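Here is a friendly walk through the model you are about to see. Have the sequence and the 3D view side by side as you read.

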Amino acid sequence: GAAGAGGYADDEDPQKEISTGPLAPTLPEQEVKTGEEDEHEMFRARAKLYHLDNAAWKERGVGMCKVNRKEEDSSKARILMRVDGSMRVVLNFSLHPSFEPDPASEKSVRFIATDLDAGGKLSSFLLKFGLKEDLSKFISAVNDCKKAASAGPSSSPPDAPTVDAQPAVTTPEPAEKRDDESKVDTSAKSTELPQEATGERAEAEDGSAEKES
């Protein structure tokens, strides 16, 4: 056919291939409930979680570890961690005065807590952060929440940043000495730590294993 403007034939004009209409229908925005709308974030940092299985540490996942405290009652707090990508909850338990985190290195800490992958039984965990400062802040936040729990119900602290999170899950709060606690594998303190947990650099930037140089 006859050439159009710019030397293109009318049926070959590239401008005719450009659509000015919407590519997809616009969907209305919906409010998503996270389960943390009534909580203050006391601490957050990326970390890698291990659990003790037959006297060996096995990786559970990498993600954001948080310490949250209730707005209306600062005596209630919990530790929450979800795996990157799938957002699967791997830690979600209430902080109580008898909770005792045990530093294993300058960047990692061991503790006994409710195991969501074991039907709510108690298990030994190792939490490894990317920076030693993260571990220090984690311990500080945990201790603050433990003090508040010991003091009993109280008013909330000043507003803290709003964060996205997983809906709350009710977990049992151990007494000073639960019957099933005596059955927990306590060899964690004498078990050799994962090699990367004692290195200078921590693998907490992604979910992949550390590559050997």
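Ser74 sits in the loop between S2 and S3; helices (H or I, at least four residues) and strands (E, at least two) are DSSP runs, numbered from the N terminus. With a relative accessible area of 6%, Ser74 is buried; the term means under 20% relative accessible area, while exposed means over 50% and partly exposed lies in between (1.4 Å probe, protein chains only). Ser74 and Glu39 are 35 residues apart in sequence, and their C-alpha atoms lie 9.1 Å apart in space.

A word on the ground rules. This is a predicted model in which local features need pLDDT of at least 70 and side-chain atom pairs count only at pLDDT 80 or more, whereas totals for chains, interfaces and linings use all residues. Residues are numbered from 1 along each chain as its sequence is written, and side-chain values use heavy atoms, with hydrogens and water left out.

## Overall make-up

The protein has one helix and seven strands, and from the N terminus on they follow the order β-β-β-β-β-β-β-α. Of its 213 residues, 40% are buried. Among contacts (heavy atoms within 4.5 Å) with a separation of 6 or more, 62% are between residues 24 or more positions apart.

The protein exposes about 12,900 Å², and carbon and sulfur atoms supply 49% of that area. Accessible areas come from the Shrake-Rupley method with a 1.4 Å probe; for residues, only the protein chains shown count as cover.

## The sheet and its helix

In what order do the seven strands lie in the open sheet? The order is S4-S3-S2-S1-S7-S6-S5, with antiparallel pairing; two strands pair if DSSP finds at least two bridges between them. Strand S4 (89–94) and strand S5 (102–103) are the edge strands, each pairing on one side only. Helix H1 (residues 132–151) packs on the sheet, where it touches strand S1 (39–53), strand S2 (56–70), strand S3 (77–83), S6 and S7. The direction of H1 makes about 50 degrees with that of S2; axes are lines fitted to C-alpha atoms, for helices over the stretch in contact, and angles run from 0 to 180 degrees between N-to-C directions.

Eight of its nine residues are buried, so S7 is largely enclosed by the rest of the structure. Strand S6 (residues 108–115) pairs with strand S7 (residues 121–129) in the antiparallel sense over eight bridges, and five bridges join S1 to S7, also antiparallel. Leu126 in S7 is the bridge partner of Arg110, and Tyr50 stands opposite Leu126 as well. Asp115 has Lys121 in S7 as its bridge partner. Five residues lie between the strands in the hairpin of S6 and S7, where Gly119 takes a positive phi near 70 degrees.

## Two loop residues with positive phi

Ala55 is not a glycine, yet its phi is positive, at about 65 degrees. It lies in the loop between S1 and S2 and is partly exposed, at 43% relative accessibility.

Met87 is another residue other than glycine with a positive phi, near 60 degrees. Its place is in the loop between S3 and S4, and it is partly exposed, with a relative accessible area of 33%.

## Nonpolar cores

In soluble globular proteins, nonpolar side chains tend to be buried together. A nonpolar core here is a set of buried Ala, Val, Leu, Ile, Met, Phe, Trp, Tyr and Cys residues joined through side-chain atoms within 4.5 Å. The largest has 27 residues, and those with the most contacts inside it are Val67, Ile79, Leu95, Phe111, Leu127, Phe129 and Phe138. S1, S2, S3, S4, S6, S7 and H1 each give two or more residues to this core, and H1 gives the most, with six.

Leaving aside its neighbours within four places in sequence, Phe111 is in contact with residues including Leu91, Phe93, Phe99, Pro101, Phe125 and Leu127. A second, separate core of five residues includes Tyr50, Trp57, Leu126 and Leu193.

## Confidence

The mean pLDDT (the predictor's confidence in each residue, from 0 to 100) is 76 for the protein, and 60% of its residues reach 70 or more. The pLDDT is below 50 over residues 156–178, a stretch with 52 contacts in the model beyond near neighbours in sequence. Residues 200–213 also have a pLDDT below 50, with 29 such contacts. Where pLDDT is low, the predicted coordinates should not be read in detail.
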